[in-house]
Amino acid sequence: MDISIDTILRILIPMLIFAISNYIDLSEPEAEFNYSSVSYSHQEPVRDFLDREVRVGVKYYIIPVLFVRGAFGGCALTLGQQMNGTRCPSQVVEVPVDTMRGLPMTFTHVYGNGRVIRLSTDLSIEVSAKSACKKSSSMVWRLADYVEPEGRWFVEMGGVKGNLGTNQTIRTWFKIEKFVYGGDGYRSGHKLVYCPDVCETCKTVCMDVGVYSGVDGVRRLALVDNYQVKPLRVAFLPSDLL
């Protein structure tokens with residue numbers, strides 16, 4: 001019985017491939033284990049006003065949320081002068097009326113990879129606008145120096161991205177956490193928090209971000225103690241919706 005070469009090859013080649021695969025690992029190599037990235041990936045994603053994942057680099061309006069007779073309301077965030085009248089660095093304030101859009105913001109988390117912003121993760125917040133201050137062009141949020149007699153840390157411009165774990169940048173990192181009022185799911189939302197984890201040796205405070213109304217009538221973002229001033233409940237509205 002004659003057998004052609006083509007027939008022999010059709011029989012032998014699959015057998016050879018099977019034999020070789022037992023000696024050569026053809027699977028993709030496993031990613032290098034990194035504790036930080038694993039912890040990040042297990043955190044729940046932050047959701048925007050449309051229940052979509054908040055993403056790095058996308059512009060959002062941070063809208064304070066007030067529940068009044070079942071309706072959403074609140075004034076967006078923008079920039080304003082300090083309580084003593086100083087214009088630079090600008091501070092984060094609420095717009096005077098709820099019909100104004102405010103300024104959009106972008107988020108960048110502490111980890112270099114990943115496009116999703118997640119809960120309880122250190123991140124920087126940047127205003128998507130040009131700086132009006134000559135001394136600094138930075139539009140990244142940072143915690144200002146403690147102010148007397150108000151007894152507050154306000155949120156201002158001038159933060160620096162990167163340089164993790166240094167005293168120079170520790171005031172730049174904020175977090176987004178869930179906000180649940182009295183266990184009522186209907187009143188749930190998000191809040192901004194200052195409690196950085198990027199520096200193990202740095203001395204920092206851990207406080208929520210709320211709104212402090214000054215004698216000039218301007219409502220400024222500041223760290224609050226949850227007693228006299230409550231944390232600010234916020235929603236994230238994609239800028240392309242307005």
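Are Phe-107 and Phe-236 buried or exposed? In this predicted model, both residues are buried. They also belong to the largest nonpolar core, which has 36 residues. Phe-107 and Phe-236 are listed there among the residues with the most contacts inside the core, together with Ile-62, Ile-125, Trp-141, Ile-176 and Leu-221. Strand β7, residues 123–127, gives the most to this core, with three residues.

Phe-236 has contacts in several parts of the chain. Neighbours within four places in sequence are left aside here. Phe-236 then touches Val-46, Arg-47, Asp-48, Phe-49 and Val-54, as well as Tyr-60, Tyr-61 and Ile-62. Phe-107, Ile-176 and His-190 are also in contact with Phe-236.

Aromatic pairing was searched for over the whole structure, and six pairs were found. In one of them, the ring centres of Phe-107 and Phe-236 lie 5.6 Å apart. The planes of these two rings stand at 90 degrees, so the pair is edge-to-face. This pair links distant parts of the chain. Phe-107 is in strand β6 (residues 105–109) and Phe-236 in strand β14, 129 residues apart. A second pair is formed by Phe-154 and Tyr-212, with ring centres 5.9 Å apart. Here the planes are at 65 degrees; edge-to-face requires over 60, so this pair is edge-to-face too. It also joins distant parts of the chain. Phe-154 sits in strand β9 (residues 152–157), Tyr-212 in strand β12 (residues 207–213), and 58 residues separate them. Phe-154 and Tyr-212 are both buried.

Leu-241 is placed in the segment after β14 (233–238). Its relative accessible area is 44%, so Leu-241 is partly exposed.

Cys-88 and Pro-89 are joined by a cis peptide bond, with omega about -5 degrees. Pro-89 lies in the loop between β4 (77–80) and β5 (91–94). Asp-51 is not a glycine, yet has a positive phi of about 65 degrees. The loop holding Asp-51 runs between α2 (35–41) and β1 (60–64). With a relative accessible area of 53%, Asp-51 is exposed. Ser-120, in the loop between β6 and β7, likewise has a positive phi, near 60 degrees. Ser-120 is partly exposed, at a relative accessible area of 29%.

Note on methods
Residues numbered from 1 in each chain as written. Predicted model: local features only at pLDDT ≥ 70, side-chain atom pairs only at ≥ 80, totals over all residues. Heavy atoms only, no water. Helix = DSSP H or I, 4+ residues; strand = E, 2+ residues; numbered from the N terminus. Buried < 20%, exposed > 50% of the residue type's maximum accessible area, 1.4 Å probe, protein only. Core = buried A, V, L, I, M, F, W, Y, C linked by side-chain atoms within 4.5 Å. Contact = heavy atoms within 4.5 Å. Phe/Tyr/Trp six-rings, centres within 6.5 Å; stacked < 30°, edge-to-face > 60°.
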